[in-house]
Amino acid sequence: MHNRPFCWLICAIILAVCHCIPASAPAEDGCQINLATMLVARDDTTIDPKLETHIAELQSMFVYSSYRLLGEENLTLATGQSGSVALPGGHKLDLTLQHIHDDRASLDLHMSRQGQAVFQTRIQLLNRGNLFVGGPKYLNGNLIFRISSAF
């Protein structure tokens, strides 16, 4: 029976070590979201140098001759948390991180203008992945969004 103090010491050490190890990094760190807003049009041939690495991919999906970066926003979201981004033309995009599973983040997107829904969808992004989403008409073209994640 003199092993009982030793067992209590071992249990206390195990509990202390387990308490110091984080359960999962994504839950603590959240998901970093980058939203790049682009104006695309057919009436000129302007290509923003900041978009050069994405031009081939953009041109394979969208039939435009002009691609201009209007701005970028960064959000850090925890599971269940929402963030909003003000967009050109009075639009607003709400992003909600639903969950992170394996190497994918599930996000709900809800775009509105003056309180009226424009579109709503759910996407899944790979860790360090990109997704291009076509948006509403704006000025002489359309808005396109590149949504990127890191977790």
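Guide: A residue is called buried when its relative accessible area is under 20%, exposed when that value is over 50%, and partly exposed in between. Please note that this is a predicted model.

Visitor: Is Asp94 buried or exposed, then?

Guide: Asp94 counts as buried, because its relative accessibility is 18% and the limit is under 20%.

Visitor: Which residue forms a salt bridge with Asp94?

Guide: That residue is Lys92, and the closest N and O atoms of the pair are 3.8 Å apart. Lys92 counts as partly exposed, at 38% relative accessibility.

Visitor: How many salt bridges does a search of the whole structure find?

Guide: The search finds 3 salt bridges. One of them joins the side chains of Glu72 and Arg146, at 3.5 Å from N to O. Glu72 belongs to strand 2 and Arg146 to strand 8, so this pair ties together parts that are 74 residues apart in sequence.

Visitor: And what about Asp108?

Guide: Asp108 forms a salt bridge with Arg122, with 2.5 Å between the closest N and O atoms. This pair links distant parts of the chain, as Asp108 is in strand 5 and Arg122 in strand 6, 14 residues apart.

Visitor: Back to Glu72 and Arg146. Which of the terms buried and partly exposed applies to each?

Guide: Arg146 is buried, with a relative accessible area of 10%, whereas Glu72 counts as partly exposed at 43% relative accessibility.

Visitor: Where does Asn34 lie, and which polar contacts does the side chain of Asn34 make?

Guide: Asn34 lies in strand 1, residues 31-41. The side chain of Asn34 makes a polar contact of 3.1 Å with that of Glu72 and another of 3.4 Å with that of Arg146. Asn34 counts as buried, at 14% relative accessibility.

Visitor: New topic. Which residues in the largest nonpolar core touch the most other members?

Guide: They are Ile33, Leu95, Leu107 and Ile147, in a core of 20 residues. Strand 5 gives the largest share of this core, 4 residues. A second, separate core has 12 residues, among them Phe62 and Phe132.

Visitor: Lastly, how do strand 7 and strand 8 run?

Guide: Strand 7 (residues 130-138) and strand 8 (residues 141-150) run antiparallel and are joined by 7 bridges. Their hairpin has 2 residues between the strands, and Leu139 takes a positive phi near 50° there. Lys137 has Asn142 in strand 8 as its bridge partner.

How values were computed: Residues numbered from 1 in each chain as written. Predicted model: local features only at pLDDT ≥ 70, side-chain atom pairs only at ≥ 80, totals over all residues. Heavy atoms only, no water. Pairing = 2+ DSSP bridges. Buried < 20%, exposed > 50% of the residue type's maximum accessible area, 1.4 Å probe, protein only. Polar contact = N/O pair within 3.5 Å; in protein donor to acceptor, adjacent residues only side chain to side chain. Core = buried A, V, L, I, M, F, W, Y, C linked by side-chain atoms within 4.5 Å. Salt bridge = Lys/Arg side-chain N within 4 Å of Asp/Glu carboxyl O.
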